[in-house]
Amino acid sequence: SNSLVWFRRDLRAFDHAALHQALTSSNRVYCVFVYDCDILAALPRDDRRVRFIHASLASLDAELRRLGGYLIVRQGRPLEVIPALAAELGVDAVCVCADYEPDAVKRDARVNERLEADGRKLLSLKDHVVFEQDEVLTLAGGPFSVFTPYKNAWLKRLAAKPETLATWPVDQYAQAFAPPPGPPALPPLDELGFEPGEPPLPAGMEGAEALFERFVARVADYGRARDFPSGDGTSRLSVHLRFGTTSIRHLVRTAQQMALSGAGGSGASVWLSELIWRDFYSMILARNPQVTTQSFKPAFDALAWDSGAQAEERFAAWCAGRTGYPLVDAAMAQLNRTGFMHNRLRMITASFLTKDLGIDWRRGERYFALKLNDYDLASNNGGWQWAASTGCDAQPWFRIFNPVSQSQRFDAQGQFIRAWVPALAGLGAKEIHAPWLVPRDELARKGVVLGRDYPLPVVDHDEARKRTLERFAALKKGD
Ligand code: FAD
């Protein structure tokens, strides 16, 4: 029998559930990636993620060729391309790693229908997460909606089923790969309608592994270092996890070993915890696809977010990094220019949009979706609903980040702000977090006139805080 492995967000050729399944159950294995023309049409022509995918496909094809196979790359609608290619190649099954995003679930169901109509099947395997939506449940058999008890149950389940982390080997079954018909011929970016350019970070399996090795050497310090955006305390592996150029099992295995052996200090278990957040939000989305557009806690959809011309102006200021709050603006500059934003800053900017500007979390969530290299519906939505206090969150809703004290705490010397907001580069550590509090002549001496070189704050935090408390209190009364 022959199989086709359809790559999507799993662009690697090691520890791969679908590849392993295909290679161990068929005589001939083909591999394909489809550039989905509907997804591409919606993206800017210099989209950084398309560059990342493009570079990662070259690396995947090279590795498949080293193993004796190759990657077919097509453009079009998967619903048409996959069944047609399956027929052309005469395969019996199409193997994929499961994707839990609501649109992907619908797409796969439709592809499966078409394949079945031709006597073929779609085989979907767990790969992207350690535990799927129905694997970690409460004692009563229901889903968790709060992270910490979920995490404890997740760890317990892993201890009971260590085989969950077993590798899905590829190379020892490589004889089943269908050999390449000719030299590599992947479509260049301009043929796809995109501007050629380098990916935002080293792509492909080797890019992921290099980042991981560098991070492993620093993991012991992660618990402390991860909160400071000007440092290099986190792994930066999120893009690789998003596109599957690394394997979640490989990362969790290493984190677990380092935590157990003590080699990773406490940092390794803190990092493992972050990887569990990823499973948690994937589970939340898979079980509650409505959260894509609705609040996890439905009552919060009655919140009266600000709208109108002033709200539009404020939203535009937030997007452009012109709010007058230096750390918020530095964070948005980093996002706009690089496609990355540090986790602490995602929390601060999301809190600022929803709790200081009173703007619906959905608008910020969409803006991040457009810009983030590691954009992932489940984690982004989860993060936004957490920040807006509409999601699964054990914290009371009146926890409102103060953008100035967050700045003083997490960018104490102002290095991050200076790096991203050059207008403020001349200010010292005491002044830089809230320049409007600095006497005008002193600011002028350092080359800054507020309103000319750098904006005045778009809102007063204390007033905004009061309005947010009222907004949420009105909701409670309405209950
Ligand atoms: P590390 O600190 O090295 O963490 C390792 C990995 O753990 C990450 O790569 C990621 O896969 C996972 N992880 C870490 N924190 C979280 C978290 N809070 N939730 C889920 N997974 C986590 N992460 C995304 O991958 N895509 C998104 O679109 C996304 N949007 C976010 C939006 C908001 C408003 C917030 C508050 C968080 C968001 N996150 C998102 C989570 C987190 O900010 C990023 O995963 C992290 O900053 C990526 O950097 P890193 O790889 O260096 O992380």
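Here is a short chat about confidence, domains and helix packing.

Visitor: What average pLDDT does the protein chain have?
Guide: Good place to start, since this is a predicted model. The predictor scores each residue from 0 to 100, and 99% of the residues here score at least 70. For the complex, the predictor gives an ipTM of 0.99 and a pTM of 0.97. The protein chain's average pLDDT is 96.

Visitor: How far apart are the centres of domain 1 and domain 2?
Guide: Let's find them first: the domain assignment puts domain 1 at 2–127, domain 2 at 129–166 + 205–287, and domain 3 at 298–478. Taking the centres over C-alpha atoms, domain 1 and domain 2 are separated by 26 Å.

Visitor: On the side of domain 1 that touches domain 2, how many residues are charged?
Guide: The contact between these two takes 13 residues from domain 1 and 16 residues from domain 2. On the domain 1 side, 4 are nonpolar and 2 are polar. That side's charged residues number 7.

Visitor: How are helix 10 and helix 11 oriented to each other?
Guide: Look at residues 248–261 for helix 10 and 267–287 for helix 11; their axes come within 8 Å and cross at roughly 150°. The crossing is left-handed. Angles over 145 degrees count as roughly antiparallel, so helix 10 and helix 11 are roughly antiparallel.

Visitor: How many nonpolar residues are in the contact of helix 10 with helix 11?
Guide: Helix 10 brings residues including Ile-248, Leu-251 and Val-252, while helix 11 brings Trp-271, Leu-272 and Leu-275, among others. The contact has 2 polar residues and no charged ones. The nonpolar count is 10.

Visitor: Helix 6 also packs on helix 11, so how are those two oriented?
Guide: Helix 6 covers residues 147–160, and its axis sits 10 Å from that of helix 11, at an angle of about 105°. Anything from 65 to 115 degrees falls in one class, which is why helix 6 and helix 11 are called roughly perpendicular.

Visitor: Which residues of helix 6 make that contact with helix 11?
Guide: The helix 11 side has Ser-273, Ile-276, Trp-277, Asp-279 and Phe-280. The contact as a whole divides into 6 nonpolar, 1 polar and 2 charged residues. From helix 6, the residues are Phe-147, Tyr-150, Lys-151 and Trp-154.

Visitor: What is the handedness of the crossing of helix 14 and helix 16?
Guide: Helix 14 (residues 343–356) and helix 16 (residues 377–388) have axes 8 Å apart and an angle of about 55°, so they are oblique to each other. Among the residues that meet are Met-347 and Ala-350 in helix 14 and Gly-383 and Trp-384 in helix 16. The crossing is right-handed.

Methods
Residues are numbered from 1 along each chain as its sequence is written. This is a predicted model: local features need pLDDT of at least 70, side-chain atom pairs count only at pLDDT 80 or more; totals for chains, interfaces and linings use all residues. Axes are lines fitted to C-alpha atoms, for helices over the stretch in contact, and angles run from 0 to 180 degrees between N-to-C directions. Helices (H or I, at least four residues) and strands (E, at least two) are DSSP runs, numbered from the N terminus. Angles under 35 degrees count as roughly parallel, over 145 as roughly antiparallel, 65 to 115 as roughly perpendicular and the rest as oblique. A crossing is left-handed if the near helix is turned anticlockwise from the far one by less than a right angle, and right-handed if clockwise. Two residues are in contact if their C-beta atoms, placed from the backbone, lie within 7 Å. Ala, Val, Leu, Ile, Met, Phe, Trp, Tyr, Cys and Pro count as nonpolar, Asp, Glu, Lys and Arg as charged, and the others, Gly among them, as polar. Domain bounds come from an automatic or database domain assignment.
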